[in-house]
Amino acid sequence: MAAAALPALPEQFKSLQHHLRTGQELDKREPVVAYYCRLYAMQTGMKLDSKTPECRKFLSKLMDQLETMKKQLGDNEAITQEIVGCAHVENYALKMFLYADNEDRAGRFHKNMIKSFYTASLLLDVLSVFGELTEENVQHRKYARWKAAYIHNCLKNGETPQPGPIGMEDEDDDAENEEASSSALPTQVAQPSSSTYDPNMPTSNYTGIHIPPGAHAPANTPAEVPHSTGVTSNTIQPTPQNIPAVDPSLYNAQSAGEVRLTPEDFARAQKYCKYAGSALQYEDVSTAVQNLQKALKLLTTGRE
């Protein structure tokens, strides 16, 4: 999906350059995510400076891009329905994060995994177009961005990074580290792929935030993601899942005639179903069942 070229990025919008670059890189592979990257840049740019001539010109061209992309994407639900779009962007950010986290925990340090950590942090920025970030996603973003800078600096200095969550350094020079890590990243967004994931990796604290295995995953997705890596069964054993008991009252659930559902109720039910679908992508049956039960109860009783 080709987009018309933008004018030179004004200095006031320098903080948005990586979000815009990510949008360009994802134009063909993930046009929905690319659209929201630009929307984030548009909304943030309006807050930064919408008065100076060069900024107004840039924002005008960016708005033209957004309108063109919206027409090209047509009736894609991820564009027409915010709740679907939010789930789509969050799922892609999670894939990027999990790929990088898997590589990190396995001690495989390379530019693509650094790029994936950093891109995940950018996409978590983008989620703010749908509303305030959850505390979990704020922590995920902080951890991913710091990991990208930490591993980049280690490799740059000829040092071996320590895998997994470790004690974070003083964050006074966050901006400097962020710029350093992003400037040397690969020019293309890394494709998420499966790799060995060790849910028993020991954990520690960074800046007072405890990160247990898999805690980077949002609450609506599985914390520990099984992968088919071709490794023999004596190396990795599938972890039995605790399936929540199904509420017996839901077996014969029928919508009562007096139940009146509001648009907000329908939106919440859609959200639960999307979360269930997202969980099933990672074979997390427990989370899928919980969210489907919530949706069914809401639709049949009008209550959560």
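Predicted model: local features only at pLDDT ≥ 70, side-chain atom pairs only at ≥ 80, totals over all residues.
Residues are numbered from 1 along each chain as its sequence is written, and side-chain values use heavy atoms, with hydrogens and water left out.

**Helix H5 by itself**
- H5 covers residues 82–105.
- Of its 24 residues, 19 are buried, so H5 is largely enclosed by the rest of the structure. (Buried means under 20% relative accessible area, found with a 1.4 Å probe on protein chains only.)
- Tyr92 sits in H5, and it is buried, with a relative accessible area of 6%.
- After H5 comes Gly107, whose phi is positive, near 75°.

**H5 against H6**
- The axes of H5 and H6 (residues 111–126) come within 8 Å and cross at roughly 150°. That makes H5 roughly antiparallel to H6. (Axes are lines fitted to C-alpha atoms over the stretch in contact, angles run from 0 to 180 degrees between N-to-C directions, and over 145 degrees counts as roughly antiparallel.)
- H5 passes H6 in a left-handed crossing, meaning the near helix is turned anticlockwise from the far one by less than a right angle.
- Residues of H5 including Val89, Tyr92, Met96 and Phe97 meet residues of H6, among them Met113, Phe117, Ala120 and Leu123. (Contact means heavy atoms within 4.5 Å.)
- By class, this H5 and H6 contact has 13 nonpolar, 3 polar and 3 charged residues. (Ala, Val, Leu, Ile, Met, Phe, Trp, Tyr, Cys and Pro count as nonpolar, Asp, Glu, Lys and Arg as charged, and the others, Gly among them, as polar.)
- Tyr92 and Ala120 are 28 residues apart in sequence and 8.1 Å apart in space, C-alpha to C-alpha.

**H1 against H2**
- H1 (residues 17–25) and H2 (residues 31–48) have axes that come within 8 Å and cross at roughly 160°. These two helices are therefore roughly antiparallel to each other.
- H1 passes H2 in a left-handed crossing.
- His19, Leu20, Thr22, Gly23 and Gln24 in H1 meet Ala34, Cys37, Arg38, Tyr40 and Ala41 in H2. By class, the contact of H1 with H2 has 5 nonpolar, 4 polar and 1 charged residues.

Note on methods:
Helix = DSSP H or I, 4+ residues; strand = E, 2+ residues; numbered from the N terminus. Parallel < 35°, antiparallel > 145°, perpendicular 65-115°, else oblique. Buried < 20%, exposed > 50% of the residue type's maximum accessible area, 1.4 Å probe, protein only.
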